[in-house]
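Please open the model in a viewer and keep the sequence panel in view. The stops below are given in the order in which they may be selected.

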Amino acid sequence: KIVIKGKSAHTNNADYQGFIDTVAVEVKEKTGYDPYSYSMKIYTTMDREKQDEINKIMSGKNYKWENDNVDAGVTVLETKTGEIVAVGSGRNSTGAKSYNKATMMKRQIGSTAKPLFDYGPAVEYLGWNPSHPIIDDKHTYSDGTEINNWDGRYKGMISIREALIDSRNIPALKTFQSCKNSDIKTFVTNLGLSPEVASNGKLHEAHAIGGYTGESPLTVAAAYAAFGNEGYYIEPHSFTKIEFDKNDKTYKLEAKKTKVMSKDTAYMVTDML
């Protein structure tokens, strides 16, 4: 039995199956018990109203998809608590324990990486601010490989705020190269991200523009939430309490909250965004 914000939802309710599967996986990871085979009452973090809206988007009722082959994964978090309030597990998911695109898939995150791998660390460790100047001109990776902007043009001297607004690749790479690689690794791993770490302990420079093995919608949402939470990262979670029917025991989840950047950094990156 699943309790959603004080209201029950049976596990055969297809409208909420993606969220229920999210809960089931986390419960098994945290307790070792599978809700599909062990009797328990789970108090989830799902917000029914928000979940219903995500369902309407995924089904095409409130959003026009290009075609039926286009798929998506969606995670909606409560910034201040880390609670998962809604998921879109996939447009073509069917039945229980289907592949969950909100939590399981890994995709390159592209320019979404820039505040995480570039500007966030520069503000935190180098003392940069949104007005910090940077030159957008012809540039290469450290191995000599050329990098280009999305429009094939250069803007010359601009601020990192403008560089982020216009999603310029060259300033992003220059910012990445200006930071200590170890600082970047610390910054992003503290945000729950999983970068590619080479045998020498470093992150390759394509991380600057999101070119690595990737993340899920859940891990990216949780990382970004730290900017809106005054620099605190909270482990995302889908339930708050479990009552086991067989032994009358109760498991209460205490979400881990970690200070990962200064309040000033969180404010400035949020302001840039």
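At what angle do α3 and α6 pack, and how far apart are their axes? The two helices pack at an angle of about 110°, with axes 9 Å apart; axes here are lines fitted to C-alpha atoms, for helices over the stretch in contact, and angles run from 0 to 180 degrees between N-to-C directions. α3 is therefore roughly perpendicular to α6, a term that covers angles of 65 to 115 degrees.

This is a predicted model, in which local features need pLDDT of at least 70, side-chain atom pairs count only at pLDDT 80 or more, and totals for chains, interfaces and linings use all residues. Residues are numbered from 1 along each chain as its sequence is written, and side-chain values use heavy atoms, with hydrogens and water left out.

Next, display residues 114–126, which form α3; helices are DSSP runs of H or I with at least four residues, numbered from the N terminus. The end C-alpha atoms of this 13-residue helix are only 16 Å apart, short of the 18 Å that a straight helix would reach at 1.5 Å a residue (the expected span is 1.5 Å times one less than the number of residues). Centre on G120, where a kink of about 35° lies shortly before the proline P121; the bend is the angle between axes fitted to the seven residues ending at a residue and the seven starting there. Just after α3, G127 takes a positive phi of about 75°.

Because 10 of its 13 residues are buried, α3 is largely enclosed by the rest of the structure; buried means under 20% relative accessible area, with a 1.4 Å probe and protein chains only. Among the buried residues are K114, D118, Y119, A122 and V123. Show α4 (160–165), α5 (169–178), α6 (181–190), α7 (217–228) and α8 (263–272), which are included in what covers them.

Select A226, F227 and G228 of α7 with A266, V269 and T270 of α8 to display the contact.

Technical notes. Buried means under 20% relative accessible area, exposed over 50%, partly exposed in between (1.4 Å probe, protein chains only). Contact means heavy atoms within 4.5 Å. Angles under 35 degrees count as roughly parallel, over 145 as roughly antiparallel, 65 to 115 as roughly perpendicular and the rest as oblique.
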